[in-house]
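Subject: Structure handover

Hello,

Here is the structure I promised to pass on. Please open it alongside this email and follow the notes below.

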Amino acid sequence: WLRVLKNQHNYKVSAACLYDDGIIKAGLPFCEVHSISGKKKFISLPFSDYCNPLYNTKEELNELLIAFINHSEQDKISSIEINFDLKGENSFIPVSDSVVHILELKNSEEQLMKSFHDSKRRGIKKALKEDLQVIISKDYDAVKSFFSLHLQTRKLKGIPVQPRSFFNEIYNCIIKEGNGFVILIKKDNID
C-alpha cells in the first residue's frame with residue numbers, strides 16, 4: 001500500500017519506530033503530504049480508514065507518539081493525522097466519527113447468521129435466492145471491471161473518481177505480487 005501511495009501520489013513514505021537495543025518495539029507508518037497551500041503534514045495513512053500503530057504496551061504507544069510529535073515539530077509539520085482511535089492519548093483530537101466493524105469468523109455459519117440483525121439475514125437470504133455468482137480474482141481484467149463499477153458509482157454519487165492509474169498501481173504493487181485480490185459479484189453472467 002505504501003508503494004501504491006508513493007508511486008501514484010509521489011508521497012514520501014516513512015515509519016516512526018521505537019527501538020530497544022536495535023529491535024523495533026513499536027511503529028507507525030506514515031506519509032508526508034503537502035496540502036494545497038504547501039504546508040507539510042504527516043498522515044497515517046492516506047486513503048486508509050484504519051491504520052493502528054503497532055505496539056505492545058500503552059507506555060510504548062505513548063513513547064512512540066511523543067517521539068513522533070517531537071519529530072514533526074522539528075520538521076515544521078503543520079498537522080498529524082492518525083487513522084486510529086487514540087482515546088485521548090497526548091494532544092491528539094478526534095476529528096472523525098468513523099466506525100470500524102470487526103466480524104469474527106470462528107463460529108459456524110449458522111451461529112454467524114444468528115448474530116446478524118434480522119434485516120441483514122433477510123438481505124443475505126435474498127442474495128442467495130438471486131443466484132449471484134461470487135468471483136475472487138487476481139487477474140487484471142477483474143481490476144478493469146472493478147474500475148468500471150467505481151466510475152459508475154462515483155459519478156452516481158457525485159464524488160470524485162480515482163484515476164485508472166491508481167488501480168493500475170494497486171494491481172502492480174499488491175494484487176500481482178500475491179498480496180490481494182478483487183471480489184466481483186455477478187448476476188446472470190453480466191459484468
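Strand E3 (residues 40–44) and strand E4 pair in the parallel sense, over four bridges. Two strands count as paired if DSSP finds at least two bridges between them. Helices (H or I, at least four residues) and strands (E, at least two) are DSSP runs, numbered from the N terminus. Lys-41 has Ser-79 in E4 as its bridge partner.

A word on the source: this is a predicted model, in which local features need pLDDT of at least 70 and side-chain atom pairs count only at pLDDT 80 or more, while totals for chains, interfaces and linings use all residues. Residues are numbered from 1 along each chain as its sequence is written, and side-chain values use heavy atoms, with hydrogens and water left out.

**The sheet**

Strands of a sheet pair through backbone hydrogen bonds, either parallel or antiparallel. Here, an open sheet of four strands runs in the order E1-E2-E3-E4, with mixed pairing. Which strands stand at the edges? They are E1 (12–20) and E4 (79–82). Each has a single partner strand, so one side of each is left without a neighbour in the sheet. The twist averages 30 degrees from one strand to the next.

E1 and E2 pair in the antiparallel sense, over nine bridges. Asp-20 has Ile-23 in E2 as its bridge partner. The hairpin of E1 and E2 has two residues between the strands. In that hairpin, Asp-21 takes a positive phi near 55 degrees.

Helix H2 (residues 58–74) lies across E1, E2 (23–34), E3 and E4. H2 runs at about 35 degrees to E2. Axes are lines fitted to C-alpha atoms, for helices over the stretch in contact, and angles run from 0 to 180 degrees between N-to-C directions.

Ser-72 is found in H2. Is Ser-72 buried or exposed? At 5% relative accessibility, Ser-72 counts as buried. Buried means under 20% relative accessible area, exposed over 50%, and partly exposed in between (1.4 Å probe, protein chains only). Ser-72 touches Phe-42, Ile-77 and Ile-80, not counting residues up to four places away in sequence. Contact means heavy atoms within 4.5 Å.

**H1 against H6**

Two packed helices are described by the angle between their axes and the distance between the axes. The axes of H1 and H6 come within 9 Å and cross at roughly 140 degrees. That makes H1 oblique to H6. Angles under 35 degrees count as roughly parallel, over 145 as roughly antiparallel, 65 to 115 as roughly perpendicular and the rest as oblique. The crossing of H1 and H6 is right-handed. A crossing is left-handed if the near helix is turned anticlockwise from the far one by less than a right angle, and right-handed if clockwise. Which residues meet here? In H1 they are Arg-3, Val-4, Asn-7, Gln-8 and His-9. In H6 they are Ser-165, Phe-166, Glu-169, Ile-170, Cys-173 and Ile-174.

**The aromatic rings**

Rings of Phe, Tyr and Trp (its six-membered ring) pair if their centres lie within 6.5 Å; planes under 30 degrees apart count as stacked, over 60 as edge-to-face and the rest as tilted. By this rule the count comes to 10 aromatic pairs.

Trp-1 and Phe-166 form an edge-to-face pair, 5.9 Å centre to centre, with 80 degrees between the planes. Trp-1 lies in the segment before H1 (2–9) and Phe-166 in H6 (residues 164–175), so the pair ties together parts that are 165 residues apart in sequence. Trp-1 is partly exposed at 32% relative accessibility, whereas Phe-166 is buried at 5%.

Phe-146 and Phe-167 form a tilted pair, 5.9 Å centre to centre, with 55 degrees between the planes. Phe-146 is in helix H5 (residues 140–157) and Phe-167 in H6, 21 residues apart. Phe-146 is partly exposed, at 39%. Phe-167 is buried, at 9%. Trp-1, Phe-47, Phe-146, Phe-147, Phe-166 and Phe-167 form one aromatic cluster.

**Val-182**

Val-182 sits in strand E6 (residues 182–186). Its relative accessible area is 8%, so Val-182 is buried. Leaving aside neighbours within four places in sequence, Val-182 is in contact with residues including Ile-135, Ala-142, Phe-146 and Ile-175.

Best wishes
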